[in-house]
Amino acid sequence: MRELRTAAAVLGSLTAIVSTAAIGPARADEKGDALLKEVAAQTKATEMLTADIEMSAKTGERTVAQTGKLTLQRPNLVRMELAPAGQVPSFYSDGTNVWVLMDGGKQYQKMDANPEGKNLPVLWGAPIAYFFDQKPMSFNEAPAATKYLGVEKVGDTSYEVVEMVSSEKDAPTIKLYVGPDKRLHRSVVSIKRGDRESVYSATLKNIKVGAAQDVKTFAYTPPATARPYERPNFEANLVKVGDMAPGFSLPTPTGGTPLSLSDITKGKKATLVNFWFYG
Amino acid sequence: MYSELKDKGLNLVAINNGDERDVINKYVKEGGFTFPIVMGDYMGGDSSVFKKYGVQAYPTNYLLDENGRVLWRGVGFNEKQMRDALEKAGLK
């Protein structure tokens with residue numbers, strides 16, 4: 001269960017990170033802004049793009065990578081196939097529906113495709129989101145400022161790197177890597193919690209651009225062996241209204257005597273018991 | 001929202017899943033929280049508090065009366081639902 005809740009928390013926050021809002025004017029960096037303007041223009045002018053993609057997630061000592069092939073085409077057409085099955089699903093948009101393959105291809109979810117490609121399950125894949133929506137990045141709706149970091153070589157490629165800086169406390173850092181073609185090739189999101197750091201990267205390689213392909217090439221049918229996804233009912237196992245809440249006796253973070261449910265509820269008209277975690 | 005409700009007589013306990021003591025203590029200090037926090041026995045398998053309360057997602061909230069009977073419960077944060085339940089429990 002601990003694995004599940006960590007993944008769920010991360011996916012939730014990362015999806016919010018890749019959503020968009022306006023850049024705050026306060027601490028804007030001219031060079032960073034100018035570069036991103038070029039990238040936006042170059043991206044908007046691209047009809048169709050194919051690339052090899054790698055998505056990796058490093059949490060503590062463990063790194064999990066998924067690689068595959070990506071095709072993006074305006075206004076909202078996608079083929080994204082990743083292996084092995086993992087946190088990032090393979091997904092397809094034929095313009096009308098988005099099909100998301102989960103659980104190693106055993107389940108699929110079908111949703112209406114946003115006409116502008118804005119409801120794709122890209123998670124931390126900023127280069128994909130950016131192809132369709134070039135509004136500057138944000139952190140959970142708070143404005144972000146750009147900071148030009150300079151040139152960084154990753155493998156054979158030299159990128160110009162721009163960092164998105166948030167005024168929010170504990171905000172993740174996002175670095176955007178711009179290729180020599182002035183396209184967004186790579187993004188790296190870093191989240192620090194105490195002395196633990198998690199790093200999520202998405203990298204496009206062998207990018208090829210071209211004229212729009214026939215829409216039919218984006219048609220998709222899930223495999224016959226795949227079942228439609230049923231969202232788990234998170235309330236299914238909860239104690240029923242009217243029943244007695246189970247007792248407990250649990251330690252506190254400051255040490256000392258454990259607290260029991262009856263210690264807590266005794267003499268109080270109503271008690272809110274909140275189950276939570278920080279991250 | 002909590003401080004508003006505390007003034008109206010709401011009692012709160014937060015059961016934490018899996019964070020380390022110093023992470024929780026830092027979070028409490030920075031938030032200036034005064035309600036009790038306990039550390040759930042997340043390694044406890046079927047006898048863990050999370051299992052006993054049927055918690056599958058976070059946050060999960062339960063509103064209990066003075067005897068520990070469940071008045072309301074829900075997954076996710078739905079302020080309206082919570083306020084309605086509090087009103088019903090007599091905490092206006």
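Predicted model: local features only at pLDDT ≥ 70, side-chain atom pairs only at ≥ 80, totals over all residues.
Trainee: What makes β9 and β10 of chain A a pair?

Mentor: Two strands pair if DSSP finds at least two bridges between them. Strand β9 (residues 173-178) and strand β10 (residues 184-193) of chain A have six bridges, in the antiparallel sense, so they pass that cut-off. For a spot to look at, Thr173(A) stands opposite Ser190(A) in β10(A).

Trainee: Then how do you know that β6 and β12 of chain A pair?

Mentor: The cut-off is at least two bridges, and β6(A) and β12(A) have two bridges, in the parallel sense, so they count as a pair. Tyr108(A) stands opposite Pro228(A) in β12(A).

Trainee: Why are β7 and β12 of chain A called edge strands?

Mentor: Look at the order of the 12 strands in that open sheet: β7-β8-β9-β10-β11-β1-β2-β3-β4-β5-β6-β12 in chain A, with mixed pairing. β7 (144-154) and β12 (227-228) each pair on one side only. A helix sits on this sheet too: α2 (residues 30-44) of chain A touches β7, β8 (157-166), β9 and β10, and its direction makes about 75 degrees with that of β7(A).

Trainee: What makes β7 and β8 of chain A a hairpin?

Mentor: They pair in the antiparallel sense over 10 bridges, with two residues between them. Val154(A) has Thr157(A) as its bridge partner in β8(A). In the turn, Gly155(A) has a positive phi of about 65 degrees.

Trainee: And which hairpin has Asp103(A) in the turn?

Mentor: That's the one made by β5(A) and β6(A), with four residues between them. Six bridges join β5 (residues 97-102) to β6 (residues 107-112), and the two run antiparallel.

Trainee: How do you know that the peptide bond from Arg74(A) to Pro75(A) is cis?

Mentor: Check omega: for that bond, the value is near 0 degrees. Pro75(A) lies in the loop between β2 (62-73) and β3 (77-83) of chain A. The bond from Ala83(A) to Pro84(A) is cis as well, with omega near -10 degrees, and Pro84(A) is in the loop between β3 and β4 (90-93) of chain A. As background, most peptide bonds are trans.

Trainee: On to the two chains. How do you know how big their interface is?

Mentor: The size of an interface is often given as the accessible area lost when the parts come together. Between chain A and chain B, the buried area is about 5100 Å², and carbon and sulfur atoms give 60% of it. In chain A, Leu272(A), Phe275(A) and Trp276(A) lose the most area to chain B, together 19% of what that side buries. The contact takes 42 residues from chain A and 54 residues from chain B.

Trainee: Which element of chain A gives the most to the side that touches chain B?

Mentor: β15(A), with seven residues. α1 (2-17), α4 (261-265) and β15 (270-276) of chain A each supply at least two residues. By class, that side has 23 nonpolar, 11 polar and eight charged residues.

Trainee: What makes β15 of chain A part of a sheet with strands of chain B?

Mentor: The cut-off of at least two bridges again. β15(A) and strand β1 (residues 10-16) of chain B have seven, in the parallel sense, so they pair. Leu272(A) stands opposite Leu12(B) in β1(B). The open sheet has five strands, in the order β2(B)-β1(B)-β15(A)-β3(B)-β4(B), with mixed pairing. Its edge strands are β2 (37-39) and β4 (70-75) of chain B, and the twist averages 20 degrees from one strand to the next.

Notes:
Residues numbered from 1 in each chain as written. Chains lettered and ligands numbered in written order. Heavy atoms only, no water. Contact = heavy atoms within 4.5 Å. Axes fitted to C-alpha atoms, helices over the stretch in contact; angles between N-to-C directions. Buried area = accessible area lost by both parts, 1.4 Å probe. Nonpolar A, V, L, I, M, F, W, Y, C, P; charged D, E, K, R; others polar.
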